[in-house]
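Student: Please take me through this model by question and answer. I would like the cut-off behind each term when we come to it.

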Amino acid sequence: MTSTKSVRVQDFKRIVFFTGAGVSAESGVPTFRGKGGMWEQYDYQSYACQDAFEKDPEKVWTFNNMRRSMVGACQPNEAHRIIARCEQDLDAEVTVVTQNIDGFHQIAGSQNVLELHGSLWRVRCDVCHNQHTSHEPSLEDLHCDRCGSWWRPDIVWFGDNLLQAVIEKSMRAIYACDLLVSIGTSAVVFPAAQMPLEARNVGATLIEINPEETRLSSFYDHCMRGPASKMLAELCVF
Ligand code: BV8
Ligand code: ZN
């Protein structure tokens, strides 16, 4: 593994930033795993799967409204802004593939964002296929304005299939990239965990940014151990 000092983002033409909860940690949004992680306090089988929603939609909505309020009170951080600046200022095609549902990449100015696990701000009706997006901190009307069924958070829960179109667009970007930077993901949730590694098959340079080692660290060309904002500031010198 060589130093990232030799890596200049300006030398790449198609860059993928692949992000997880760690990129929003410095904004004050808790990650999912590890100390203080969301799933330590909330058992995901009771809050983040279809069965839980069908059994007790109000409980699942209380959890998600709490998260809307909490995330809504936070802001994107320097890491999101540096990624957005890469899209705006580099002479390169930049794609963000994110597992996050907070929408911070878009708020920071990234336009080419693929959300693998949906969005906290979008709801859908599985009965009449209505959809609704709002940034209300707490969604007041929990029922579809067309047919009256429960709105369902448009989040990819455990056991849900990811949207095929989003997977295809993400894989197209990954198979075409010459640089992939994975940031703040523990790489334990599939199929997302495996996706960045596909970039190796097309000869791309792979960089992992994470204060901790992950189960996939050994597959990366470079590992930058530290918080996302500091490591991205070192990597992306304009
Ligand atoms: C599917 C939304 C087909 C919900 C989320 C057994 C083996 C293999 C697979 C499975 C299995 N059993 C079940 C499965 C499949 C399952 C899965 O992968 N389970 C795992 C846990 C074993 N996957 C699925 O169900 C997926 N669908 O496979 O469909 C199918 C269908 C039916 C039956 C079977 C298969 C759907 C998965 C979607 C899950 N959705 N959340 C909600 O939020 O309400 S999961 C959750 O994890 C988050 O959404 C998040 O996006 C995702 C990934 O987490 P990370 O982003 O990596 O976050 P994490 O907290 O883990 O890590 C944070 C990292 O940041 C750490 O490494 C930390 O060191 C670092 N960090 C901290 N601070 C910083 C930092 N880094 C940088 N800077 C910092 N400052
Ligand atoms: Zn409806």
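Student: In which helix does Tyr 44 lie?

Tutor: This is a predicted model, where local features need pLDDT of at least 70 and side-chain atom pairs count only at pLDDT 80 or more, while totals for chains, interfaces and linings use all residues, and where side-chain values use heavy atoms, hydrogens and water being left out. Residues are numbered from 1 along each chain as its sequence is written, and chains are lettered from A and ligands numbered from 1 in the order in which they are written. Helices (H or I, at least four residues) and strands (E, at least two) are DSSP runs, numbered from the N terminus. By that definition, Tyr 44 lies in the helix made of residues 44-47, α2.

Student: What is the relative accessible area of Tyr 44?

Tutor: A residue is called buried under 20% relative accessible area, exposed over 50% and partly exposed in between (1.4 Å probe, protein chains only). Tyr 44 counts as partly exposed, because its relative accessible area is 33%.

Student: Which residues does Tyr 44 touch, not counting those up to four places away in sequence?

Tutor: Contact means heavy atoms within 4.5 Å. The C-alpha atoms of Tyr 44 and Trp 157, which are 113 residues apart in sequence, are 8.9 Å apart in space. Leaving out residues up to four places away in sequence, Tyr 44 touches Trp 39, Cys 49 and Phe 158.

Student: What is the order of the open sheet of six strands?

Tutor: Two strands pair if DSSP finds at least two bridges between them. Five bridges join β1 (residues 14-19) to β7 (residues 179-183) in parallel, with Phe 18 opposite Ser 182 of β7. In this sheet the pairing is parallel, and the order is β3-β2-β1-β7-β8-β9. The strands that pair on one side only, and so stand at the edges, are β3 (113-115) and β9 (222-224).

Student: At what angle does helix α8 run to β8?

Tutor: Axes are lines fitted to C-alpha atoms, for helices over the stretch in contact, and angles run from 0 to 180 degrees between N-to-C directions. Helix α7 (residues 164-176) lies across β1, β2 (93-98), β3 and β7, at about 130 degrees to β3. Helix α8 lies across β1, β7, β8 (205-209) and β9, and to β8 it runs at about 145 degrees.

Student: What separates the C-alpha atoms of Ala 233 and Ile 82?

Tutor: Ala 233 is found in α8, which spans residues 228-235, and counts as partly exposed because its relative accessibility is 41%. Along the chain Ala 233 and Ile 82 are 151 residues apart, yet their C-alpha atoms are separated by 7.2 Å.

Student: Why is one side of β5 and of β6 left without a neighbour in the sheet of three strands?

Tutor: The order of this open sheet is β5-β4-β6, with antiparallel pairing. The strands β5 (131-133) and β6 (152-155) stand at its edges, so one side of each lacks a neighbour in the sheet, each having a single partner strand.

Student: Which residue of β6 is the bridge partner of Gly 118?

Tutor: Strand β4 (residues 118-124) and β6 run antiparallel and are joined by three bridges. Helix α4 (residues 57-72) packs on the sheet, touching both β4 and β6. The bridge partner of Gly 118 in β6 is Ile 155.

Student: How far from an oxygen atom of ligand 1 does a backbone N or O atom of Phe 190 lie?

Tutor: A residue is near a molecule if one of its heavy atoms lies within 4 Å of it, and of the 33 residues around ligand 1, those that come nearest are Arg 33, Arg 67, Thr 185, Ser 186 and Phe 190. A polar contact with the ligand is a pair of N or O atoms within 3.5 Å. An oxygen atom of ligand 1 is 2.9 Å from a polar backbone atom of Gln 99. For Phe 190, the distance from its backbone N or O atom to a ligand oxygen is 2.7 Å.

Student: Which residue does a cis peptide bond join to Phe 190?

Tutor: Most residues other than glycine have a negative phi, and most peptide bonds are trans. In the loop between β7 and β8, Ala 187 has a positive phi near 60 degrees and is buried, with a relative accessible area of 8%. That loop also holds Pro 191. With omega about 0 degrees, the residue joined to Phe 190 by a cis peptide bond is Pro 191.

Technical notes:
Polar contact = N/O pair within 3.5 Å; in protein donor to acceptor, adjacent residues only side chain to side chain.
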